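Here is a short walk through one model. Keep the coordinates open as you read.

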Amino acid sequence: SSGDNNNNNNKEEECACVCWLSVPSGILLSLLCLSYHLMYADDNDDTDYKWAGVAYCVAAGVESLSEPHVIYAMKRMDVSSRAKSEALAIFIKSISTIVLLSSTNNNKSINNINNNINNIN
């Protein structure tokens with residue numbers, strides 16, 4: 001019985017480690033997509049298009065923070081917790097996108113981002 005307990009504890013620890021891998025990988029992929037978007041967005045592109053890409057990448061990074069709980073809930077077959085986690089992640093992603101897009105009234109911010117990227121290249 002003690003061996004079964006240790007085996008279950010090891011499986012829980014392994015799951016926790018794997019679950020948390022989604023956070024840095026999700027944030028890394030969001031940053032890669034953001035840099036790609038900023039580097040290859042044409043100077044003639046609409047400012048709203050550029051800002052929407054930035055907002056979506058940031059929101060995707062924020063959404064990746066909920067993934068460990070979703071994965072753990074799936075492993076435990078806890079449908080209720082999984083549904084709540086997914087709903088909260090989508091809600092936060094939507095709100096962060098709306099907030100970031102609503103701040104596009106100040107076009108200087110996107111121009112500053114573009115100038116900084118151009119200065120790096």
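Tyr-36 and Tyr-40 sit 4 residues apart in helix α1, so about one helical turn separates them. Helices here are DSSP runs (H or I, at least four residues; strands are E, at least two), numbered from the N terminus. Under the ring rule, the count is 1 aromatic pair. Its ring centres, those of Tyr-36 and Tyr-40, are 4.7 Å apart with planes at 45°, so the pair is tilted. The rule pairs rings of Phe, Tyr and Trp (its six-membered ring) with centres within 6.5 Å; planes under 30 degrees apart are stacked, over 60 edge-to-face, the rest tilted. Both Tyr-36 and Tyr-40 are exposed. Exposed means over 50% relative accessible area, buried under 20%, and partly exposed in between (1.4 Å probe, protein chains only).

The model is predicted: local features need pLDDT of at least 70, side-chain atom pairs count only at pLDDT 80 or more, and totals for chains, interfaces and linings use all residues. Residues are numbered from 1 along each chain as its sequence is written, and side-chain values use heavy atoms, with hydrogens and water left out.

Stay in helix α1 for His-37. Its relative accessibility is 13%, so His-37 counts as buried. Beyond its neighbours within four places in sequence, His-37 contacts Tyr-49, Lys-50, Gly-53 and Val-54. Contact means heavy atoms within 4.5 Å.

Val-54 leads on to the core. The largest nonpolar core has 5 residues: Leu-34, Leu-38, Trp-51, Val-54 and Cys-57. Two elements, α1 (2-40) and α2 (47-63), each give two or more residues to this core. The most come from α2, with 3 residues. Such a core is a set of buried Ala, Val, Leu, Ile, Met, Phe, Trp, Tyr and Cys residues joined through side-chain atoms within 4.5 Å. Leu-34 touches Val-54 and Cys-57, leaving out residues up to four places away in sequence.

What about the cysteines? The structure holds 0 disulfides. For Cys-33, the nearest cysteine sulfur is that of Cys-57, 5.4 Å away. That is too far for a bond, as a disulfide needs a pair of cysteine sulfur atoms within 2.5 Å. Cys-57 is buried, at 11% relative accessibility. Cys-33 is partly exposed, with a relative accessible area of 44%.

Finally, move to helix α4 (residues 79-102), where Ile-90 lies. Ile-90 has 48% relative accessibility, so it counts as partly exposed. Ile-90 and Ser-66 are 24 residues apart in sequence, and their C-alpha atoms are 9.6 Å apart in space.
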